[in-house]
Amino acid sequence: MKFADLKGFAFDLDGVIADTAKFHSQAWHQTADKVGTTWTPELQEALKGVSRMDSLEMILKAGGHESDYTQEEKEALAAEKNDNYGKLIATLTPADILPGMQAFLDELREKGYKLSLASASKNAPKILKYLGLTDYFVGVVDPATLSAGKPDPEIFARAAEILDLPANQVAGLEDSAAGIKSINGASELSIGIGDQLSEAAVRFSDTSQVSLANIEAALR
Ligand code: BG6
Ligand code: MG
């Protein structure tokens with residue numbers, strides 16, 4: 001993709017805009033302990049970007065517990081995780097915006113790029129509010145309306161629809177392997193943040209590196 005074609009950005013939230021990936025991990029770690037699944041760095045990484053119920057299924061499967069719980073019990077486990085997560089995010093303020101992201105969002109707004117949110121999290125609108133960022137976005141994809149979560153392309157395709165732009169004018173920003181797959185599947189420009197995203201078209205080691213100048217340089 002040429003830099004000059006870019007008109008809009010679809011953002012992931014957890015681990016891209018907000019320092020909340022650590023809170024999801026902390027809460028899921030508690031769930032893993034409860035069901036008897038060993039918590040590993042690989043499991044922690046694989047859960048990034050994955051919806052609440054899919055995450056629970058992965059945790060159960062990792063410990064061989066996929067048949068140990070009824071649907072009702074699974075829903076209770078997921079609700080308990082969300083309660084624990086809710087307590088952790090209740091303290092969020094604009095100070096929890098990841099390094100460089102406030103400046104990047106300001107730069108995009110100033111230069112007239114359109115922004116939408118493609119987060120798998122049902123807590124995303126609340127978090128945007130805590131961070132004071134709601135007004136930056138034309139719209140937020142409601143993950144409850146998706147037929148499939150990341151890595152399926154649906155969420156990033158919907159984020160481009162919200163922007164009213166064709167896929168080849170949209171870049172997606174992600175910190176998860178599942179999210180990069182989703183962006184690539186939607187034929188948008190994938191921008192990965194972190195060291196483990198080999199499938200991303202453009203890669204940055206952390207959020208402080210993300211700027212229009214650095215994206216332009218990477219595409220040159
Ligand atoms: C993603 C996170 O943004 O949202 C995942 O990376 C999380 O870790 C998913 O499981 C769903 O979040 P929630 O808030 O709806 O449980
Ligand atoms: Mg994320």
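Me: Which elements do the buried residues of helix 8 pack against?
Reply: In this predicted model, helix 8 covers residues 177-185, and its buried residues are Ala178, Gly179, Ile180, Ser182 and Ile183. Contact here means heavy atoms within 4.5 Å. By that criterion, the buried residues of helix 8 pack against helix 7 (154-163), strand 4 (170-174) and strand 5 (189-193).

Me: Which residue that follows helix 8 has a positive phi?
Reply: Helix 8 comprises residues 177-185. The residue with a positive phi, near 65°, comes after this helix and is Ser187.

Me: What percentage of the residues in the protein chain is buried?
Reply: A residue counts as buried when its relative accessible area is under 20%. The protein chain has 220 residues, and the buried share of them is 48%.

Me: Why is the protein chain described as being as compact as a globular protein of its length?
Reply: The secondary structure of the protein chain consists of nine helices and six strands. For 220 residues the globule rule gives 17 Å, and the chain is therefore as compact as a globular protein of that length, since its radius of gyration is close to this value, at 17 Å.

Me: How far apart do the centres of the positive and negative side chains lie?
Reply: The protein chain carries 21 positive side chains and 33 negative ones.

Technical notes
Residues are numbered from 1 along each chain as its sequence is written. Chains are lettered from A and ligands numbered from 1 in the order in which they are written. This is a predicted model: local features need pLDDT of at least 70, side-chain atom pairs count only at pLDDT 80 or more; totals for chains, interfaces and linings use all residues. Side-chain values use heavy atoms; hydrogens and water are left out. Helices (H or I, at least four residues) and strands (E, at least two) are DSSP runs, numbered from the N terminus. The radius of gyration is taken over C-alpha atoms; the globule rule is 2.2 Å times the number of residues to the power 0.38. Buried means under 20% relative accessible area, exposed over 50%, partly exposed in between (1.4 Å probe, protein chains only). Lys and Arg count as positive and Asp and Glu as negative; His and the chain ends are not counted. The place of a charge is taken as NZ of Lys, CZ of Arg, CG of Asp or CD of Glu.
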